[in-house]
Amino acid sequence: MPTDAQPLHSEPRYRQLARILADAIAQGEEGDYPPGSQLPSETELLERYSVSRNTVRQAVAELRRMGLAVSHQGKGTYVRQEPEQAHTVKRTLIRRGKRLELGHPFAKAESVTVTRGHARGTIARLIGRGPIHTLTAEQLIIDADTGVRAAALTVIPFDIADEVPALAEHPDAHPEELYARLIDAGHTLSFWENVTARSARPDEQAALLADTVLITHRVTEDQNGRALLVEELRLSAESASLGYRITPTTPKRGQRV
């Protein structure tokens with residue numbers, strides 16, 4: 001443990017404390033806090049640096065935001081240890097005749113839950129038709145080869161389910177089957193995808209074994225640019241990366257890119 005604790009004078013005090021701890025963490029294996037080691041408790045830090053408990057908590061939160069530390073309820077805070085390997089999840093689509101196949105197929109780990117509701121938030125924005133009624137299929141999936149776990153949602157707008165009854169009959173079908181039914185109904189499909197990241201919620205920490213989650217939203221559109229499906233995939237940013245094959249497109253006349 002460090003013996004040369006430094007008094008804190010500048011404001012905000014939590015950032016000063018976070019900087020001191022970050023400098024110690026940056027020393028790596030040669031320092032006081034190597035990767036995977038546990039940081040001092042709140043009580044130890046407040047006594048060592050003569051600060052309040054709230055300052056300690058804010059400093060630790062700052063370390064988490066910096067990506068230097070992770071906290072486990074009831075166990076304490078640890079210096080983040082980079083995984084030996086981040087498995088690549090291929091987000092490409094492969095065309096085989098009229099069929100489309102996922103570049104990285106997952107296996108179901110739990111039964112699918114299907115609910116009816118209204119599109120809200122990000123899903124509503126991606127569909128682009130307001131708080132429309134939707135069918136949502138949700139499940140936990142797992143990659144048998146790597147052990148990567150993911151939460152998958154497939155959202156079908158009601159107006160599309162009315163046009164293609166096969167979607168309403170089996171909203172929990174595999175995405176490849178949903179693509180096939182849309183193609184059989186006469187749609188020409190195109191896809192685009194959005195990727196974001198955020199801190200994992202408690203339920204995601206337990207289900208996905210994640211501190212940070214990658215979130216992809218894949219939108220399937222028809223030939224007129226209308227959203228037919230929205231797929232959401234959430235997985236651990238610590239255990240997986242995303243890989244894409246980029247297909248060049250020619251913009252329509254007058255379209256800005």
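Which backbone nitrogen does the side chain of Glu 238 reach? The points below take this up first; the model is a predicted one.

1. Glu 238. The side chain of Glu 238 reaches the backbone nitrogen of Thr 212, at 3.1 Å. Glu 238 also has a polar contact of 2.9 Å with Ser 236, side chain to side chain. In the chain, Glu 238 sits in the loop that lies between strand E12 (227-236) and strand E13 (240-243). Its relative accessibility is 17%, and because buried means under 20%, Glu 238 counts as buried.

2. Strand E12 and its surroundings. Ten of the ten residues of E12 are buried, so the strand is largely enclosed by the rest of the structure. E12 pairs with strand E9 (residues 149-157) in the antiparallel sense, over six bridges. Within that pairing, Val 155 has Val 230 of E12 as its bridge partner.

3. The hairpin of E11 and E12. Strand E11 (residues 212-221) is also antiparallel to E12, and nine bridges join the two. Leu 214 stands opposite Leu 235 of E12. Five residues separate E11 and E12 in this hairpin, and Gly 225 in the turn has a positive phi of about 80°.

4. Nonpolar cores. The largest nonpolar core has 20 residues; those that touch the most other members are Leu 17, Leu 21, Tyr 33, Leu 39, Tyr 49, Val 56 and Leu 63. Helix H1 (13-25), helix H2 (42-49) and helix H3 are the elements that give two or more residues to this core. The most comes from H1, with eight residues. There is a second, separate core of 15 residues, and Ala 161, Ala 173, Leu 228 and Leu 229 are among them.

5. Ala 61. Helix H3 (residues 53-65) contains Ala 61. Ala 61 counts as buried, at 17% relative accessibility. From Ala 61 to Glu 232 there are 171 residues in sequence, and the C-alpha to C-alpha distance between them is 28 Å.

6. A patch on the surface. Val 195, Tyr 244 and Ile 246 make a nonpolar surface patch of about 300 Å². Ile 246 belongs to the segment after E13. With a relative accessible area of 71%, Ile 246 is exposed, because exposed means over 50%.

Methods
Residues numbered from 1 in each chain as written. Predicted model: local features only at pLDDT ≥ 70, side-chain atom pairs only at ≥ 80, totals over all residues. Heavy atoms only, no water. Helix = DSSP H or I, 4+ residues; strand = E, 2+ residues; numbered from the N terminus. Buried < 20%, exposed > 50% of the residue type's maximum accessible area, 1.4 Å probe, protein only. Polar contact = N/O pair within 3.5 Å; in protein donor to acceptor, adjacent residues only side chain to side chain. Core = buried A, V, L, I, M, F, W, Y, C linked by side-chain atoms within 4.5 Å. Patch = residues over 30% accessible without salt bridge, like charges linked within 9 Å, V, L, I, M, F, W, Y side chains within 5 Å. Areas by Shrake-Rupley, 256 points an atom, 1.4 Å probe, with all protein chains shown as cover. Salt bridge = Lys/Arg side-chain N within 4 Å of Asp/Glu carboxyl O. Pairing = 2+ DSSP bridges.
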